[in-house]
Amino acid sequence: MTRQHSPEIPAHPPVESGTAPPAAPSSAQEPSRRAGRPPSWTIVCAAGITVLLWASAFVGIRSAGHDFSPGAMALGRMVAAALTLSVFAAVAAASARRGAAGRAGSAPAAQPASLRALPRGRLLGLIGLWGVVWFGGYNVALNAAERLVDAGTAALLVATAPILVAVTAVAVLGERLTRRLGIGVAIAFAGVALIAVTGFTGQVDAVGVALAVLSAVLYASAVLLQKRLLARVEAVTMTWLGTLAGTAALLPFLPALIGELAAAPAGSLAAVLYLGVFPTAIGFLTWGYVLSHWTAGRTIAATYLVPPVTVALSWTLLGEVPAALALLGGALCLAGVVLATRR
């Protein structure tokens, strides 16, 4: 759901990003797209693909975590994502140049706007910081958490990130604390406490829970930064540059990755490649498509499906059977997030 990510750009921290997943534009920023709007089924399909990919990321991390350490897995994932998005950016730029040449006839092709507008200076530095926090820190923390807790627990705990964003906005940005937000926070963290006490599959690991909560904090921090940056840079460009920054930050894990690649079975290697190409790169691209045609409220609602889908996939593919009290805790988490973030 690792809420571009948040793979994804997300309306709020989705429950993976790896996927983790940025902020939707406010209602004042959302342009009207009635003219030339694509068929509704294409948007619904894109949203469904994104939810499935982000949910599958938690399962993929859990699967590959037996053979890859947290830092090495994060680096392998980001290398795959950065290469995929670089190819996409190159193809998009070439297509834009051909289109400009066709419109101009025999005149020299104009440089595509996306290339003319590549961020520089302080803006580029902030995008790099966002990429390090989101694609570097968040992924390492989540990978470490899923060595100790099951995929369902991790997904539900990371799903509290929107509440952390809302609470931080009240404490730091001076936004008004509403009664609905306060009740939502209380309900969500009651659910977190219930999961922490019972363990989602009946086994409790306090360190694993703490690492998952740290993942949510990093996720929320990245979203708060991204909210400011998206007004100044196009989403796909920001995601591409962020993956490059995250990859660079993870390079100290390169020796570990090389050693673990030599010993890892084919299934775990395929899982790492899958995490980079699908939940990260493709997941963010499909999410950007959804964001361009849906309202912020609808995109946020779609991400609430990630934790239940993660639980179902984990149950089916990994045999991680959730405990009854933990399911109740998960329901409380989601109810609190929905209440706190509903407009």
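This is a predicted model: local features need pLDDT of at least 70, side-chain atom pairs count only at pLDDT 80 or more; totals for chains, interfaces and linings use all residues.
The protein has 14 helices and zero strands. Buried residues account for 50% of its 343 residues.

**Overall make-up**
- Reading from the N terminus, the elements go α-α-α-α-α-α-α-α-α-α-α-α-α-α.
- The accessible surface of the protein is about 14,600 Å², and carbon and sulfur atoms hold 68% of that.

- In soluble globular proteins, nonpolar side chains tend to be buried together.
- The largest nonpolar core here takes in 66 residues, and the members touching the most others are Phe58, Ile127, Trp130 and Leu229.
- Helix α1, which covers residues 40-64, is the top contributor to this core, with ten residues.
- There's also a second, separate core of eight residues, and Ala166, Val185, Ala188 and Ala340 are among them.

**The salt bridge**
- If you go looking for salt bridges, the count comes to one.
- The partners are arginine 62 and glutamate 320, whose side chains meet at 2.6 Å, N to O.
- This pair ties together distant parts of the chain, 258 residues apart: arginine 62 sits in helix α1, while glutamate 320 is in the loop between α13 (306-318) and α14 (324-341).
- Glutamate 320 has a relative accessible area of 11%, so it counts as buried, the cut-off being under 20%.

**Helix α9**
- Helix α9 runs over residues 235-249, which is 15 residues.
- At 1.5 Å a residue, α9 should span 21 Å, and its end C-alpha atoms are 21 Å apart, so the two agree.
- At the start of α9, glutamate 234 puts a side-chain oxygen within 3.0 Å of the backbone nitrogen of valine 236.

- Searching the whole structure for disulfides turns up zero.
- Is cysteine 333 buried or exposed? Cysteine 333 has a relative accessible area of 1%, so it is buried.
- Cysteine 45 has 39% relative accessibility, so it goes down as partly exposed, a class that lies between the 20% and 50% cut-offs.

Terms used:
Residues are numbered from 1 along each chain as its sequence is written. Side-chain values use heavy atoms; hydrogens and water are left out. A nonpolar core is a set of buried Ala, Val, Leu, Ile, Met, Phe, Trp, Tyr and Cys residues joined through side-chain atoms within 4.5 Å. Buried means under 20% relative accessible area, exposed over 50%, partly exposed in between (1.4 Å probe, protein chains only). Helices (H or I, at least four residues) and strands (E, at least two) are DSSP runs, numbered from the N terminus. Accessible areas come from the Shrake-Rupley method with a 1.4 Å probe; for residues, only the protein chains shown count as cover. A salt bridge is a side-chain nitrogen of Lys or Arg within 4 Å of a carboxyl oxygen of Asp or Glu. The expected span of a helix is 1.5 Å times one less than its number of residues. A polar contact is a pair of N or O atoms within 3.5 Å; within protein, one must be able to donate a hydrogen and the other to accept it, and residues adjacent in sequence count only if both atoms are side-chain atoms. A disulfide is a pair of cysteine sulfur atoms within 2.5 Å.
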